[in-house]
Amino acid sequence: AQKVTQAQTEISVVEKEDVTLDCVYETRDTTYYLFWYKQPPSGELVFLIRRNSFDEQNEISGRYSWNFQKSTSSFNFTITASQVVDSAVYFCALIDSNYQLIWGAGTKLIIKP
Amino acid sequence: GAVVSQHPSWVICKSGTSVKIECRSLDFQATTMFWYRQFPKQSLMLMATSNEGSKATYEQGVEKDKFLINHASLTLSTLTVTSAHPEDSSFYICSARDRQIYNEQFFGPGTRLTVL
């Protein structure tokens with residue numbers, strides 16, 4: 001069965017610290033897509049990244065970076081030098097062969113000033 | 001590109017009334033639209049999938065007579081919560097899939113429904 005696990009329910013760090021959000025997935029498909037979304041208090045989902053299963057290169061975008069490892073079925077997200085504006089709920093998700101999104105439970109990230 | 005709008009962004013209604021939420025793809029044709037429901041501090045739960053011109057497919061446990069979905073055009077889907085009750089209060093999010101791009105969904109900003 002397809003499944004996405006975000007074991008960290010809530011993380012709290014002080015501003016400027018680095019923080020990593022974990023995501024572990026399960027799928028029998030060989031072709032799949034992984035996503036990270038940010039959901040600030042307003043509720044609107046903000047797309048962060050999409051990664052297909054054939055591209056294991058790590059991605060960096062400013063203070064954000066993603067580590068995709070098929071060997072451990074993980075797609076972790078790191079924020080470097082965190083800022084208060086990074087406070088939000090972050091969701092990891094998987095699109096399967098039925099093209100439906102399978103969502104993780106989300107990780108609430110709190111950045112304290 | 002790939003913008004999805006939702007209207008209204010929030011609505012408060014009395015118990016027993018019906019509420020319609022619109023989801024529009026503004027700059028692409030959406031052959032498939034999805035409706036999600038999100039309770040506080042929880043993840044998104046898929047309610048139904050609608051394909052343009054055909055009946056929606058509802059997830060197990062979602063009452064189709066309660067949540068009416070219409071996808072009459074390639075740019076518009078509507079969700080009507082009929083005879084709303086306080087337990088229907090939630091955050092409703094739609095998403096749309098471009099007919100050319102199967103591996104991504106584009107999300108609307110959500111509608112917060114409060115039933116008194």
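Buried residues account for 44% of the 113 residues of chain A, in what is a predicted model.

Me: How many disulfides are there over all chains of the structure?

Reply: In chain A, the sulfur atoms of A:Cys23 and A:Cys92 lie 1.9 Å apart and form a disulfide. In chain B, B:Cys23 is joined to B:Cys94 with an S to S distance of 2.0 Å. A search of the whole structure gives a total over all chains of 2 disulfides.

Me: How many residues apart in sequence are the parts that A:Cys23 and A:Cys92 tie together?

Reply: A:Cys23 sits in the loop between β3 (19–21) and β4 (24–26) of chain A, whereas A:Cys92 belongs to strand β10 (residues 88–95). The disulfide between A:Cys23 and A:Cys92 therefore ties together parts of chain A whose separation in sequence is 69 residues.

Me: Is the link of B:Cys23 and B:Cys94 left-handed or right-handed?

Reply: B:Cys23 lies in strand β3 (residues 19–25) of chain B and B:Cys94 in strand β9 (residues 90–98), 71 residues apart, and both cysteines are buried. In chain A, the link of A:Cys23 and A:Cys92 has -65° about the S-S bond and is left-handed. For B:Cys23 and B:Cys94 the angle about the S-S bond is 80°, and the link is right-handed.

Me: Which cysteine sulfur is nearest to that of B:Cys13, and how far away is it?

Reply: B:Cys13 counts as buried, because its relative accessibility is 10% and the cut-off is under 20%. A disulfide requires sulfur atoms within 2.5 Å, and B:Cys13 is in no disulfide. The nearest cysteine sulfur is that of B:Cys94, at a distance of 18 Å.

Me: What radius of gyration does chain B have?

Reply: Chain B has 0 helices and 11 strands, and its C-alpha trace spans about 40 × 25 × 25 Å along the principal axes. A compact globule of 116 residues would have a radius of gyration near 13 Å, and chain B agrees with this expectation, having a value of 13 Å.

Me: What radius of gyration does chain A have?

Reply: Chain A comes to 0 helices and 12 strands, and its C-alpha atoms fill a box of roughly 40 × 25 × 20 Å along the principal axes. For 113 residues a compact globule would have a radius of gyration near 13 Å, and the value for chain A, which agrees, is 14 Å.

Me: Which residues does A:Glu10 touch, not counting residues up to four places away in sequence?

Reply: A:Glu10 is placed in strand β2 (residues 10–14) of chain A. Its C-alpha atom is separated by 15 Å from that of A:Asn76, 66 residues apart along the chain. Leaving out residues up to four places away in sequence, A:Glu10 touches A:Lys108 and A:Ile110.

Me: How far apart are the mean positions of the positive and negative charges of chain B?

Reply: In chain A there are 10 positive and 13 negative side chains, and the centres of the two sets lie 2 Å apart. Chain B carries 11 positive and 10 negative charges, and the distance between their mean positions is 4 Å.

Note on methods: Residues are numbered from 1 along each chain as its sequence is written. Chains are lettered from A and ligands numbered from 1 in the order in which they are written. This is a predicted model: local features need pLDDT of at least 70, side-chain atom pairs count only at pLDDT 80 or more; totals for chains, interfaces and linings use all residues. Side-chain values use heavy atoms; hydrogens and water are left out. Helices (H or I, at least four residues) and strands (E, at least two) are DSSP runs, numbered from the N terminus. Buried means under 20% relative accessible area, exposed over 50%, partly exposed in between (1.4 Å probe, protein chains only). The radius of gyration is taken over C-alpha atoms; the globule rule is 2.2 Å times the number of residues to the power 0.38. Lys and Arg count as positive and Asp and Glu as negative; His and the chain ends are not counted. The place of a charge is taken as NZ of Lys, CZ of Arg, CG of Asp or CD of Glu. Contact means heavy atoms within 4.5 Å.
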